There are 2 protein chains.
Amino acid sequence: MIPMGTVNSDDGGVAKVSFATPRTFATTFKSDLKETLFPDDPFHDFNGKTLPEKAKKSIKYFVPVFQWLPSYTRKLFMYDLLAGVTIASLAIPQGISYAKLANIPPVIGLYSSFVPPLIYAVFGNSKYLAVGTVASSSLIIAGAIEKRVHEADDPQLYLNLIFTATLISGVIQLILGVFRLGILVDFLSHSTITGFMGGTATIICLQQLKGIFGLKHFTTHTDVVSVIKAIFKYKHEIRWECTLVGVIFLIFLHLAKMVKQKKPKLFWVAAIAPMAVVAIGCIFAYAADAKKYGIAIVGPLKKGINPSSLKNLDFNPKYISAPIEAGVITAFVALAEGIAIGRSFALMANQQIDGNKEMIAFGLMNIVGSLTSCYLTTGFFTYILYIFYKFKIYSLNFFKHLFVYFAGPFSKTAVNYNAGCKTQMTNVVMAICMMLTLFFLAPLFSYTPLVALSAIIMSAMLGLIEYEKAYHLFKTDKFDFLICMAAFLGVAFISMDVGLMLSVGLALVRALLYVSRPASSKLGNIPDTGLYRDVEQYPGAISIPKTLVLQLGSPIYFANSSYIRERILRWVRDEQASKDSQGDDVEYVLLDLGGVTSIDITGVETLFEIRRSLEVQEIKVVIVNPRLEVMEKLIVTNFVDKIGRDRIFLSIQDAIEGCKFSLEQ
Amino acid sequence: MIPMGTVNSDDGGVAKVSFATPRTFATTFKSDLKETLFPDDPFHDFNGKTLPEKAKKSIKYFVPVFQWLPSYTRKLFMYDLLAGVTIASLAIPQGISYAKLANIPPVIGLYSSFVPPLIYAVFGNSKYLAVGTVASSSLIIAGAIEKRVHEADDPQLYLNLIFTATLISGVIQLILGVFRLGILVDFLSHSTITGFMGGTATIICLQQLKGIFGLKHFTTHTDVVSVIKAIFKYKHEIRWECTLVGVIFLIFLHLAKMVKQKKPKLFWVAAIAPMAVVAIGCIFAYAADAKKYGIAIVGPLKKGINPSSLKNLDFNPKYISAPIEAGVITAFVALAEGIAIGRSFALMANQQIDGNKEMIAFGLMNIVGSLTSCYLTTGFFTYILYIFYKFKIYSLNFFKHLFVYFAGPFSKTAVNYNAGCKTQMTNVVMAICMMLTLFFLAPLFSYTPLVALSAIIMSAMLGLIEYEKAYHLFKTDKFDFLICMAAFLGVAFISMDVGLMLSVGLALVRALLYVSRPASSKLGNIPDTGLYRDVEQYPGAISIPKTLVLQLGSPIYFANSSYIRERILRWVRDEQASKDSQGDDVEYVLLDLGGVTSIDITGVETLFEIRRSLEVQEIKVVIVNPRLEVMEKLIVTNFVDKIGRDRIFLSIQDAIEGCKFSLEQ
């Protein structure tokens, strides 16, 4: 008799199943912890370095500015100058617009584009991320605070609570980053983000109808139904002059976008279009005395850079729940957005991005921001993400393009984007532009018509509603489509947090269903090969007489163990039903565990139960190719000894030969 | 050039990768729905039957009494009579004890062992389950109602709310069963149940110290700290006579258990010991005028069977939240316990148990119970489960034993337990015994000393604290141990619902970690075979030049896709670092998807991203053996076309040969 539990290969070589002693708890725990919290192995460069080298590397690691600044050159600065100015020209109108969206003084929006970019330049990780306020967080933060304090009743208290929410949001981001809880962000799927952004864009667009129509009264609710009702209620207030100006601006912005789409080289047209709208709006409002026609303007803007807002922070227990709620939600949303963007950019540039370090940078940025009259900032998505999606971010070309547009007009040198020509310095340039604006130009912007801001926001938001992507989801994955629509409809018809929670909840249910109902399949031999494949997928595969080969997958553990047991017993029953007619009984059940990544105690007990159930029917269970972790658990729980080492094989082929051999005996 | 994407087997046979058109949404949805809700395929007998046959089978399926009653024989009845009487002798003292535990009149406990078993006999699925009140549910239901209404303040209202909670619990169970949501119970792992039962047993034992010490005052809190404080506070009330009697009873019950353990044939000694304690207690209390010594008795018990409690149901909105809370928690706990037990028994007898049908039976039982003055009942765990664990339920022998003890004294025939000698009739016998008791014996039990009841409960509960199992968990799986201890400590030191939620929460976190951090491994060729195995597990496996073979596992989807991407890039980086020194670059990355059971849109996008990231480094990605579902998703999302069909292989061997071939070109 040949020794069982060994591989009897064609050329007579023999390879044994490894029954090595399981690793110690400390070893596996360390390895698990590393995979959970440090999947990107951020310290891989540290191996084999001396202590001073390590210290130097650590500083460079935690404060990236030391990494890129020493090798910074004037030539690089030229690129950064251009990119910084372009982004600043976008940040100014957006800063004012989103501050209006959050019901706070417009100048706060400008402040928020000054200090945070400087902080990010020091601690930020990603070369390709600009920093500024974003629409969705503006709306969330305003919505949460409005629940407790109305801006109209006490604007100062309202503003203070916004600063407090910013601080809380920053602290949460910092904590998440330090404890490397970036894993939480993984649970926001692409589908959730698509739906959430679409829904948010929809309600933000609807909010802008107030500005476009020049209405004086409006609803504070954000859902579609309330907004449409409000428009009908106040339709007598609609000013056609205002609407006309708004529509013209919208068409202008849309055309600028189209230019960019048709002629990618003219990308800067779209980039400076919002600034142009603001400038034209200001001139128009100043020259034509716009107020006469019911076209409201932003109003006085203070000169000077950010004052301290340390004393504005308000931790009064009476109101604290509102900033906490706002802080928690925005922390996660801003993180998800910022990290998703930074990561995608980095991916294209093949620069490993550490999401957790990014969180630390965002956190510091918002903590310092909340002390210097800034409100919540994050990765600059409304703009970058927009191009991003339009250009199908997932083509490498796009980034090259983006870079050409930033660098193109000034320089004719070949674009060497892989060399990393752009640095965090862009943010410094942008901050300086903003400072100059605050010192000298702020009063000019006081003439900005609100309708211009509404047009800018609307134009930016319309690009975020991705019909095609939703349709693609519908075509390819109905459940993903459902998750997307839950977010979209939830946000549009109920509220942003409900929509987000609905969608994440559905996604988690799906995740749990995935793990609680793992696919298993019956394998057959593909003729003339030693391969065993799913008989449903490969109808030509031939069943093995007296033997049922089942392939399991996924981890086996409490949430799916009773399913797996019942499914296996069903496979056996079905097999018997079909074989009974041929007078050919099942004598062996082979469980291919090659796809089982881990197993817990309940899972091992299930294997015991399956073995017992089948033994009552005089069917023998054979285990094929357990992976490292699974084998360790099987050894430690004595499963291996109870089933017998001669019942565990390295490959299906070996197992079948082993079974045949004992059948023939 | 040989055609790629084909198997080039030894004997020249050629098997192609299957690129069959994906199944339609309706097909996959139907199949998914079946796997999710009908994993046990309950209607498998229905295929190819005529309509009347189907109708007959349906009735038998939904009302199992029609299945077993027609073939019922007098001989079977003898076994059932014995089992029924034995269980009744246990149900009487337990019914009274647990009713005291729930602070309701003791006779309700007897009522609860009359109607529900009859209902279960008709609709119940499991031959091996007895029905009655259980300690944990009694305590949960009392705890939830006490929060709103104190028993001492308004006993009638309190009782009414208990009935209402029972109704709600029954309705929930029925709904869960009808909608086949038994899947929810899967999320209670063995570790959670072990910890929860241990914790519950601990606090129930501590509660009994009141009875054992004969205290008049006590705390209404259940946590360990409060109870110990209360004992110190009221230590002057301790009556030594009462304590002495209690300790004697406890020792007696313990000895009876020991007898059973030493001489399994004397099993019935342990079974009737509680009844003996009650009988001795009654006689003693009657004869010795126990009250004089501070030994309280149960007090008057009404003669007669269950009155209607239809009018007692109370849906007053003022209190309704309490019965709803109690109903929801007890529904799940009772289900989990009942199903776990029924299933394990059935497993040994190789009878497929449908958990969802069981829920329907439990639900009906509690709905009818709530209308006939019964409170919550379920599978009879305190007793059966006790033996269960003591005898290491997982040996077939145990059940044979159990049966011998039930049937042994009366019959000398060989035990043919596989033939299914015991039926649901046991419950009918038990109900009849209970009826006789209620009609004739109830007044006798009014002399039962409370200390006897406390001793019975304590004795039953002590067996549920499973040190060995917890130690086994500690030895084999630290995380399972943590889940178990969370339930134990949570229940013991905070409250039952908090403990349960903590533990389930931890278990879910683990489930999500399992799926968000699936193991991947680098494969090498085992010398002289065509097998590729984990190089860590099989250190002898040899890497393939210029090629990195990675084995993935688990589903790939939003929660783990960014981890998988980063992990793969890390594998490549590590491989390059080690190969750089040998001047041997990685040119191919083979992803073995054989263990990947499913993939979602985010997962497919991740594969795209991985491919792009690697192509920047001039590394080609090759896919090996995608399973049916995965292949369908890859086709529908155009991944297959984009990567090229010649980059997808059926086995690692083929893929390596294919790569080698194009390297040599």
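Predicted model: local features only at pLDDT ≥ 70, side-chain atom pairs only at ≥ 80, totals over all residues.
**View 1. Two chains related by a rotation.** As background, two copies of a chain are related by a rotation about an axis and a shift along it.

**View 2. Where the chains meet.** Here you can look at the contact, to which chain A gives 80 residues and chain B gives 80 residues. On the side of chain B that touches chain A, 34 residues are nonpolar, 25 are polar and 21 are charged. Why can we say that the copies meet through the same surface? Because 100% of the interface residues of chain B are also interface residues in chain A.

**View 3. A helix largely enclosed in chain A.** Helix α6 of chain A covers residues 115-123. Seven of its nine residues are buried, so α6(A) is largely enclosed by the rest of the structure. To find the buried residues, look for Val115(A), Pro116(A), Pro117(A), Ile119(A), Tyr120(A), Ala121(A) and Phe123(A).

**View 4. An open sheet in chain B.** Six strands line up in the order β6-β5-β7-β8-β9-β10 (chain B), and their pairing is mixed. Which strands form the edges? They are β6 (532-534) and β10 (648-649) of chain B, each of which pairs on one side only. A handy reminder: strands of a sheet pair through backbone hydrogen bonds, either parallel or antiparallel.

**View 5. Strand β5(B) and its two partners.** Strand β5 of chain B, residues 521-525, pairs with β6(B) in the antiparallel sense over three bridges. Follow this pairing at Leu523(B), whose bridge partner in β6(B) is Asp534(B), and at Asn525(B), which stands opposite Tyr532(B). β5(B) also pairs with strand β7 (residues 547-553) of chain B, again antiparallel and over three bridges. In that pairing, Ser521(B) stands opposite Gln551(B). Is β5(B) mostly covered or mostly uncovered? Four of its five residues are buried, and the strand is mostly covered.

**View 6. The hairpin of β5(B) and β6(B).** Six residues lie between the two strands of this hairpin. Look among the hairpin's residues for Asp528(B), which takes a positive phi near 65°.

Notes:
Residues numbered from 1 in each chain as written. Chains lettered and ligands numbered in written order. Contact = placed C-beta atoms within 7 Å. Nonpolar A, V, L, I, M, F, W, Y, C, P; charged D, E, K, R; others polar. Pairing = 2+ DSSP bridges. Buried ≥ 20, exposed ≤ 12 C-beta atoms within 10 Å, placed from the backbone.
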